[in-house]
Amino acid sequence: MKPAAVAALGLALAAPALVLPPPAAAADPERGKALAVNRQKGFCLLCHAAPIPEERFQGDIGPDLAGAGDRWSPAELRERVAHARTLNPASVMPSYAQTHHRRQVGAAWRDRPLLTEAEIDDVVAWLATLRAPRP
Ligand code: HEC
């Protein structure tokens, strides 16, 4: 390596802020599915059934999520997950992106959203894969 390159590398290592952050990871439907099942994260199955046969416990307070990717565009799915109470103030579904419009929130979650933006991207990517079976 040339001295200038060595110096640049040293500078980059010494000052992490100067190094560009890695590009945001692409949304991953498998990660989204795991978040939907996880009881400490999305816990969507508390209220929804979904086509995840290995999960025995599935709720029925909300609509079955099977076919959600046909009923809604990705943008509409994102709006429903991120801001359910903006669409329907009386909804029992949490607004996963918000720290307000929430009820019965544990102290640990009071000031942070239930899911990060990247996690919501993953959940939406999973929802978009839920297509109704074709007759
Ligand atoms: C506490 C119950 C509850 C939880 C938890 C919940 N939902 Fe919901 N969800 C509902 C209800 C009820 C509706 C019906 C619309 C409304 O009341 O807002 C709904 C509607 C939806 C819809 C629109 C469904 C359709 O086809 O009309 C989607 C998509 C959805 N939820 C996804 C999710 C995802 C993904 C999660 C987890 C990250 C989740 N929900 C967690 C209760 C819940």
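The largest nonpolar core has 21 residues, and I120, W126 and L127 have the most contacts inside it. A nonpolar core here is a set of buried Ala, Val, Leu, Ile, Met, Phe, Trp, Tyr and Cys residues joined through side-chain atoms within 4.5 Å. Buried means under 20% relative accessible area, with a 1.4 Å probe and protein chains only. Two or more residues of this core come from each of α2, α4 and α6, and α6 gives the largest share, five residues. Helices are DSSP runs of H or I with at least four residues, numbered from the N terminus. As background, nonpolar side chains tend to be buried together in soluble globular proteins.

A word on the model: it is predicted, so local features need pLDDT of at least 70 and side-chain atom pairs count only at pLDDT 80 or more, while totals for chains, interfaces and linings use all residues. Residues are numbered from 1 along each chain as its sequence is written, and side-chain values use heavy atoms, leaving out hydrogens and water.

Let's stay with α6 (117-128). Its buried residues are E119, I120, D122, V123, V124, A125, W126 and L127, and they pack against α2, α3 and α4. For W126, leaving aside neighbours within four places in sequence, the contacts (heavy atoms within 4.5 Å) are P29, G32, K33, A36, A50, I52 and L65.

Now to the ligand. It is surrounded by 22 residues, of which C44, C47, H48, S91 and M93 are the closest; a residue counts as near if one of its heavy atoms lies within 4 Å. This shell divides into 15 nonpolar, five polar and two charged residues. Ala, Val, Leu, Ile, Met, Phe, Trp, Tyr, Cys and Pro count as nonpolar, Asp, Glu, Lys and Arg as charged, and the others, Gly among them, as polar. Both α4 (74-82) and α6 supply at least two shell residues, and the largest share, three residues, comes from α4.

Polar contacts are pairs of N or O atoms within 3.5 Å.

| Residue | Distance to ligand oxygen |
|---|---|
| R71 | 2.8 Å |
| W72 | 3.0 Å |
| S91 | 2.7 Å |

One backbone detail remains. F43, in the loop between α2 (29-37) and α3 (68-71), has a positive phi of about 50 degrees although it is not a glycine. Most residues other than glycine have a negative phi.

Definitions and conventions
A polar contact is a pair of N or O atoms within 3.5 Å; within protein, one must be able to donate a hydrogen and the other to accept it, and residues adjacent in sequence count only if both atoms are side-chain atoms. Buried means under 20% relative accessible area, exposed over 50%, partly exposed in between (1.4 Å probe, protein chains only).
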